[in-house]
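Here's a quick briefing for anyone meeting this structure for the first time. Have a look at it, then read on.

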Amino acid sequence: MSEPTPPILSVKGLGKVIHGVTIVDDVSFDIPVGGSLAVVGESGSGKTTVARIITGLTRATAGSIALDGTERTTPTRSAAERRARARKVQLVFQDPYSSLDPRFTASQTIDEALRMHGGNADRTRRRARVREIADMVGLSEKQLDSRPGMLSGGQRQRIAIARALAADVRLVILDEPVAALDVSIQAQVLNLLDDIRRDTGTSYLFISHDLAVVRQVTDDIVVMREGRIVESGRTADVLEHPTDDYTKLLRESVPQPGWHARRSLSV
Amino acid sequence: MSRSSVRPSDSPVIQLENVAADVRVGEQWRPVLREVSLTVGAGEALGIVGESGSGKSMTARTIARLLPPATRVTGTVRVAGQDVNSLSGKSLRRHRSLMGVIFQDPKAHINPVRTIGDFMTETLVLVDGVRRAEALERAAHALGDVGVTSPERRLAQYPHELSGGLLQRVMIATVLLGDPQVILADEPTTALDVTTQSEVIAILDEMRRERNLALVFITHDLELASAVCDRTAVMYAGQVVETRASGAIHEHARHPYTRALVGARPTLDLRQRRLTVIPGRPVAPAEAPPGCSFHPRCQYAKEACAAIEPVLEPFDNGTVRCIRKHEIWEPEPTNR
């Protein structure tokens, strides 16, 4: 491709060592603008640590990260700079029950993010923007005035997504965003994520253990095991024709019609 | 694994007939199960699939009689010919000894300050009066059966030293030590990684075939249920809405809810242009509307669906709770 646009996120040689234990080892990938990259792996693969490094929640011990052309490997020097970074990357967590302030209504939650990141828009403008975002994620007027305690898991996850979009976000990191949701609600949220990406050009870094979900919402994939990338490529190619043994094992472990559980190893 | 070795006997090990359960909340009785009828034979595996509030866990608890306080159960629950609701004291303990229960989170059910050996042999030593040395020997053997290497070393370890997958194997081995006739597994692999899940499932499957156990497998994952079980029952708002041979549930589901669930799950082989969406959210039995509980979310719903309460009826090689089934589906000839 002769696309001249630089990637929204470029990660090179990322490493993280804690107390002499290597958690992340030489991880590199790019996410193109408007792209969606899956990071899959099992517990201990380092996938969540990678996300934490990118958001600045923890520091890498090696490698570099460039977001939207700006180096962000070193820690920020001021609150303003930190906020400027946060504006571009937002996180949506797995558990919609613990990631929202229980005292805030949905519209207050979204409004807070707007006040933090949306420049100095006045109250009327912010209110209009809250409506706009709520429309985008499918929250009704009534739900906007509700506190999280009165809403279901899927509705809460919509608030979390709305909050992420309120900032002028370029990249959303989604850490198992549908794992805690009922199947019928999962589908609603996955379709929503697809719509948002198409309509706004927001890029995703999608962390998941669920290969079927990944197939549905990502273009590219990296498979991680014990801190390293074992395979990467287009999601469809990797899932259809995995070349790495571990990717194959992951693929075969997914129950589907005609599947037989295998007892491959003793522990 | 040969599937031919399984031959369910004539009289089912587990039999639920018109079971309803209500839990008291303050002054009110709140329904959690409504007219649930199911059977499971020896050596048979039944999957119970549902979303939050569907009553799938409550069904398992009713079978084991591990009910929350202030629960009222009506209808008949029979296990190995015994009426479970009338048991008390010694007979209830005997009933529970027929039953192996495996939960989602083994960490929450294994005493963290005792060794694995203590945990596994507790019942054998304290209830059955087996000598400790012999009990430990049996425990080691049981661990070997579920593929745990160097079992003696494991017996001396504490739960926090073991991974989730290993702990779930300990759980299964412990349950098998009690020589049960029934295994109730409530989301046993939900907290595990996929490769570990596949191992644990394989062990469960092997054990029920070898020992001719009746397995009730509770999960939110339709694919997993149909991979593990001979038959699958789908629950919604405290009721069974469809039962069907697991092999047929993907292609030949006949309840609109089951169809919608199948369509809502993304698949590995194909990126769908759009996932089928079931509007709204799953409802608890207490908030279920009159008529068919699913009708407000159902794409086939007609006026009558809000008025007539459907019953679970045989239909197209399974059972379906839907008044419009004949209009929606042309039944297929029985010998497919």
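What follows covers chain B as a whole, one of its strands, and a sheet in chain A.

This is a predicted model, where local features need pLDDT of at least 70, side-chain atom pairs count only at pLDDT 80 or more, and totals for chains, interfaces and linings use all residues. Residues are numbered from 1 along each chain as its sequence is written, while chains are lettered from A and ligands numbered from 1 in the order in which they are written.

**Chain B overall**

- Chain B has 12 helices and 12 strands, which are DSSP runs numbered from the N terminus (helices are H or I, at least four residues; strands are E, at least two).
- A compact globule of 336 residues would have a radius of gyration near 20 Å, and chain B agrees with 21 Å; the radius is taken over C-alpha atoms, and the globule rule is 2.2 Å times the number of residues to the power 0.38.
- Taken along the principal axes, the C-alpha atoms of chain B fill a box of roughly 65 × 50 × 40 Å.
- Take the contacts in chain B between residues at least 6 apart in sequence: 63% of them join residues at least 24 apart, with a contact being two C-beta atoms, placed from the backbone, within 7 Å.

**Strand E8 of chain B**

- E8(B) spans residues 214–219, and six of its six residues are buried.
- Ala214(B), Val216(B) and Ile218(B) point one way, Leu215(B), Phe217(B) and Thr219(B) the other.
- Strand E3(B) (residues 45–49) pairs with E8(B) in the parallel sense over five bridges (pairing takes at least two DSSP bridges), and Ile48(B) stands opposite Ile218(B).
- Strand E7(B) (residues 182–186) also runs parallel to E8(B), joined by five bridges, with Ala185(B) partnering Phe217(B).
- From E7(B) the chain crosses through helix H7(B) (residues 194–211) to E8(B), a right-handed β-α-β crossover: with the strands pointing away from the viewer, the path from the first strand over the helix to the second runs clockwise.

**A sheet in chain A**

- Six strands form an open sheet with mixed pairing, in the order E6-E7-E8-E3-E9-E10 (chain A).
- E6(A) (89–92) and E10(A) (228–234) are at the edges with a single partner strand each, so one side of each lacks a neighbour in the sheet.
- E9(A) (residues 220–225) pairs with E10(A) in the antiparallel sense over six bridges, and Met224(A) has Ile229(A) as its bridge partner.

Key
Buried ≥ 20, exposed ≤ 12 C-beta atoms within 10 Å, placed from the backbone.
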